[in-house]
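Subject: Structure handover

Hello,

Here is the structure we talked about. Please open it first, then read the notes below.

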Amino acid sequence: MGVSEELYLSLDEPPTSDHLWRYTPWKKIHPTGDFKEIPRDVKSPRVNLTYVDGEPVEGVTLETGKEAGIPFEGSPTTDSFLMAITKGNSLVLSIPGKWSNEKPLLIDIETEGGVEALHLHILAGDLSEATILTRISGPCEWLGLLRTAETGKGSIVTDVVVSKIQGGSLVRVDALRAGRDSTITSGTVSAGSQKTKADIRYLLDSPGSSLNVLGSLLSAEKMHLDHHIEINHTAPHTYSRLEWHTACGGASTSVGTGMLRIEKGAKQADAGQLFHNLLLSKKASANSIPELEVEESDVVGCGHGTANGPVDESQRFYLMARGFSEQESEDALIAAFLNSTLTEMGGQDVHSWLISAVEDALVNLNN
Amino acid sequence: MSEYAPVLSLEGLHVGIGGTSILHGIDLEIKRGEIHAIMGRNGSGKTTAASTIMGHPDYEIESGSIELDGADLLELEPWERARKGVFLSFQYPQSVPGLQVGHFLRKSVAAIRGDEAAKGAPFRNALKSAMEEVSIPRSFLSRYVNDGFSGGEKKRFEILQLMLLKPKLAILDETDSGLDIDGIRVVSRGINAAIRGSESGALIITHYSRILEHVKPDYVHVLIKGKIVKSGGPELALELEEKGYEWLESDAKEDD
């Protein structure tokens, strides 16, 4: 029995009083529903690395067989569970120091069904510049995705995950540690999976690091999307922003919980987070709970907010006065709402790619 | 549609909002090529009239009629009115973060003037020419609709839309408010380019006569407490500038 498996089996079921598990209890998202069970027959989804235009990548490697750890502690339950079931299923994406290419990298993860799991570890070398698009697609029953990353000094990394899996459950855990003076843009685009439980964490423990977290999520029909985003500032002169937009249609449920933590010593930290939910039907529900823990008094700023509401009637009237029908104005406002975060995830080529990746999902929103 | 029907005809229009009556019987006719101005103080009902013609759902028509080219507008949704040829330049244009100006303009032109008008070189040329007329740089096309625009930029963007959409009836609700002299000159140039020499009619709503020095109205109407208390030629605007509205308030009271 491995260390992770042993650790997992020693744990109690996490209580729903815990911020992380309040809306999606672990047993509801566990592959079998039996907390004490660690599935044995776990497959790895197909993974392919190219540039976004399909051309082969040079200079960056995606290697199997390398064991990777988690750069900092998150939830012991999911960390140990995912480490246990991805043992032997880990991939390491290595971007050498000073490597740069304007063309985005595309990591295609294709699911096939059954219980699948993958650990993807990203190492971005010092002064490297890369845009990494991770697309998850295919028929899915249960996918556990552990993404860990460490960015080198002065690196500039854009990391966007697009979830388009058909049905099923996605359990995603991210742990990203930002290097000194590195600049990270981290995007999540979700337009698939019946249930998603994501625990996305960032550690800014080197001075001068900067993080911009963006979400554009569509929940439709009876989908249940639960994203927990935790940003930890432990070093001085660190910066973070979170802007999370979710359009909730049908009878879907969307949950966004945030934890922004500024530890003692993180002087001149500057942080803010905003959750914004667009409610498109009376049956849809959205819960956003941003939380702050600030232990340092010398900060530039630290704020959080949440806004829930239907389509703005004044905006709708403005578009209708310009000839947009009722449905066209609603569609345009939903697309605009999601686009305002999508557009911040990268340059024009990334934006066009992301738009095409979510366009088909927009039509399902009003159902 | 009658050949001689006015572009806009309001007859005995009574309008309220939230149970409060605001307009108390407005009669107005605007013929093709005519520019009318409605002047009045804050709260006189000017914006209510503009929003009602456009079909804002908050306003309740208590009685009366609104016709465009002799056809009843009352049962039509705002977008149907827009497609029939009604254009409202908003006093406070809404910002729509995430909706790019270029995409918005093309979509709007396609909805109102048809797909062909929003395609290819003719659209690009019309857009370029209109943008030059109202001094809007090309970089605006990639910005979001009214998002982060200054007050003057918003008003110029409204006039750009007027020029591209070529409506039968243009209602300009305090397009001059918040503009300096140069700003008024620029938007006036756009309004004249869109209306003068065309078959369109226009209704300019304003507090002040400044814009009317650049866009000469054929008729001026004074709205006080929801009623048109006086109508006249362009000289009435100058008279109001000199004397204010007080001298006309007794007319409004007498009719109460």
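In which sense do strand S4 and strand S6 of chain A pair, and over how many bridges? S4 (residues 105-110) and S6 (residues 129-139) of chain A pair in the parallel sense, over 6 bridges. Strands pair here if DSSP finds at least two bridges between them. Within this pair, A:Ile109 has A:Ile136 of S6(A) as its bridge partner.

Some ground rules. This is a predicted model, where local features need pLDDT of at least 70, side-chain atom pairs count only at pLDDT 80 or more, and totals for chains, interfaces and linings use all residues. Residues are numbered from 1 along each chain as its sequence is written, and chains are lettered from A in the order in which they are written.

Now the sheet. It is open, with mixed pairing and 9 strands, in the order S1-S4-S6-S8-S10-S12-S14-S16-S18 (chain A). Strands are DSSP runs (E, at least two residues), and helices likewise (H or I, at least four), numbered from the N terminus. S1 (46-51) and S18 (299-309) of chain A are the edge strands, each pairing on one side only.

Helix H5 (326-342) of chain A lies across S10 (183-190), S12 (210-219), S14 (239-248) and S16 (269-279) of chain A.

Last, the contact between chains. Chain A puts in 17 residues and chain B 19, where contact means C-beta atoms, placed from the backbone, within 7 Å. On the side of chain A that touches chain B, helix H4 (313-320) and H5 of chain A each give two or more residues. H5(A) gives the most, with 7 residues.

Best wishes

Definitions and conventions:
Contact = placed C-beta atoms within 7 Å. Axes fitted to C-alpha atoms, helices over the stretch in contact; angles between N-to-C directions.
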